[in-house]
Amino acid sequence: MRHGEAESYKEDDLSRHLTRFGVTQSEHAAKWMAKQLNEHTQLKQVDLTLVSPYTRTIETLATVEQFIQINNTVQTSAITPDGNPKQAHDLIDGEFLQDNNINCLLVISHMPLVSLLSDAVCSGFNARVFDTADVLMINYDLERSLGRQLAFYQSPA
């Protein structure tokens, strides 16, 4: 998931807050995710969320938590805007290998990383651009270290 719409760019990119519209976008995306989790996986919760330490991603997570139970959260600089997709992919695989009880993992990140990472972990995704609060749902196969797209949510503009 990409974070919701944020304030205009400023020198301290880390501290940019969501706009009111960004909160609304995140609410709609969270409701969609909750419905998709139930339809595609029969899961009612997210076992682990990896979230960038930027204010806008943390605020997006807080909004998502209003609609989906999240059991554990890890803030990591590996998924910031300039993060390395290979390292982020390795982090995801490492989390799954470390904890066999993870059935559902949520990543809340930024462009361009979210697009590049999605392309690395989802066969045929082709690095589509994520608008704010867009969500890609993947059925991930740890043995192959690759997944397939289940659904893609595009936030209304």
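**Criteria and conclusions**

Modeller: A salt bridge links the side chains of lysine 35 and glutamate 39, at 3.9 Å from N to O. The model is predicted, so local features need pLDDT of at least 70 and side-chain atom pairs count only at pLDDT 80 or more, while totals for chains, interfaces and linings use all residues. Residues are numbered from 1 along each chain as its sequence is written, and side-chain values use heavy atoms, leaving out hydrogens and water.

Biologist: Why is the pair of lysine 35 and glutamate 39 called a salt bridge?

Modeller: The term requires a side-chain nitrogen of Lys or Arg within 4 Å of a carboxyl oxygen of Asp or Glu. The N to O value for lysine 35 and glutamate 39 is 3.9 Å, so the pair qualifies. Both residues lie in helix H1, 4 residues apart, about one turn of the helix; helices are DSSP runs of H or I with at least four residues, strands are runs of E with at least two, and both are numbered from the N terminus.

Biologist: Why does glutamate 39 count as partly exposed?

Modeller: Buried means under 20% relative accessible area, exposed over 50%, and partly exposed in between (1.4 Å probe, protein chains only). Glutamate 39 has 46% relative accessibility and therefore falls in the middle class.

Biologist: Which residues does aspartate 13 pair with?

Modeller: Aspartate 13 forms salt bridges with arginine 16, the closest N and O atoms being 2.8 Å apart, and with arginine 56, where the closest N and O atoms are 3.2 Å apart. Aspartate 13 lies in the segment before helix H1 (20-41) and arginine 56 in helix H2 (residues 55-64), so this pair ties together parts that are 43 residues apart in sequence. Aspartate 13 and arginine 16 are buried, and arginine 56 is buried too.

Biologist: Why are H3 and H4 called oblique?

Modeller: The axes of helix H3 (residues 85-98) and helix H4 (residues 113-121) come within 9 Å and cross at roughly 60 degrees. Angles under 35 degrees count as roughly parallel, over 145 as roughly antiparallel, 65 to 115 as roughly perpendicular and the rest as oblique. H3 and H4 are therefore oblique to each other.

Note on methods. Axes are lines fitted to C-alpha atoms, for helices over the stretch in contact, and angles run from 0 to 180 degrees between N-to-C directions.
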